[in-house]
Amino acid sequence: NQQWIVTSLNNGYHKIKCITSGKVLDNSGSSTNGTSVIQWADNAESNWNQQWAISLLDNGYYKILCRASGNVLDNNGSTTDGIAVIQWADNAAANWNQQWNFVKL
């Protein structure tokens with residue numbers, strides 16, 4: 001449930017697929033700050049809600065930006081288990097909630 005496959009779409013964007021469900025991250029068609037990011041059936045090649053730009057920040061972490069909304073993945077400022085990942089306006093360079101790390105297993 002916590003392992004994901006990141007695949008380039010060869011257009012500057014990636015799809016991010018959960019190993020367990022086979023579904024991909026999707027911004028649910030919203031550009032509103034605080035909207036939950038969901039998993040959905042994979043149609044990332046044609047669906048901008050499922051296309052994510054992954055950019056390296058100066059500190060070695062990454063921001064993950066949705067093509068459809070222009071917002072980035074954000075952990076909602078929480079360390080509590082079960083809290084939804086949301087999307088928020090890009091402030092990743094200064095906001096730890098929007099910084100992500102990839103670990104190859």
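Student: Which residue in strand 2 does tryptophan 4 stand opposite?

Tutor: The model is a predicted one. Strand 1, residues 4-8, and strand 2, residues 14-18, run antiparallel and are joined by 5 bridges. In strand 2, the residue opposite tryptophan 4 is cysteine 18.

Student: Which residue takes a positive phi in the hairpin of strand 1 and strand 2?

Tutor: The hairpin has 5 residues between the strands. The residue with a positive phi, near 60°, is asparagine 10.

Student: Is asparagine 71 buried or exposed?

Tutor: Asparagine 71 is placed in the loop between strand 6 (62-66) and strand 7 (72-74). Buried means a relative accessible area under 20%. Since the value for asparagine 71 is 7%, this residue is buried.

Student: The backbone oxygen of which residue lies 3.0 Å from a polar atom of the side chain of asparagine 71?

Tutor: Beyond its neighbours within four places in sequence, asparagine 71 is in contact with several residues, including Ser31, Thr32 and Asn33. The backbone oxygen at 3.0 Å from the side-chain polar atom belongs to serine 31.

Student: What is the C-alpha to C-alpha distance between valine 72 and glutamine 99?

Tutor: Valine 72 is found in strand 7 and is buried, at 0% relative accessibility. Among the residues that valine 72 touches, not counting those up to four places away in sequence, are Ile86, Trp88 and Gln98. Valine 72 and glutamine 99 are 27 residues apart in sequence, and their C-alpha atoms are separated in space by 9.3 Å.

Conventions: Residues numbered from 1 in each chain as written. Predicted model: local features only at pLDDT ≥ 70, side-chain atom pairs only at ≥ 80, totals over all residues. Heavy atoms only, no water. Helix = DSSP H or I, 4+ residues; strand = E, 2+ residues; numbered from the N terminus. Buried < 20%, exposed > 50% of the residue type's maximum accessible area, 1.4 Å probe, protein only. Polar contact = N/O pair within 3.5 Å; in protein donor to acceptor, adjacent residues only side chain to side chain. Contact = heavy atoms within 4.5 Å. Pairing = 2+ DSSP bridges.
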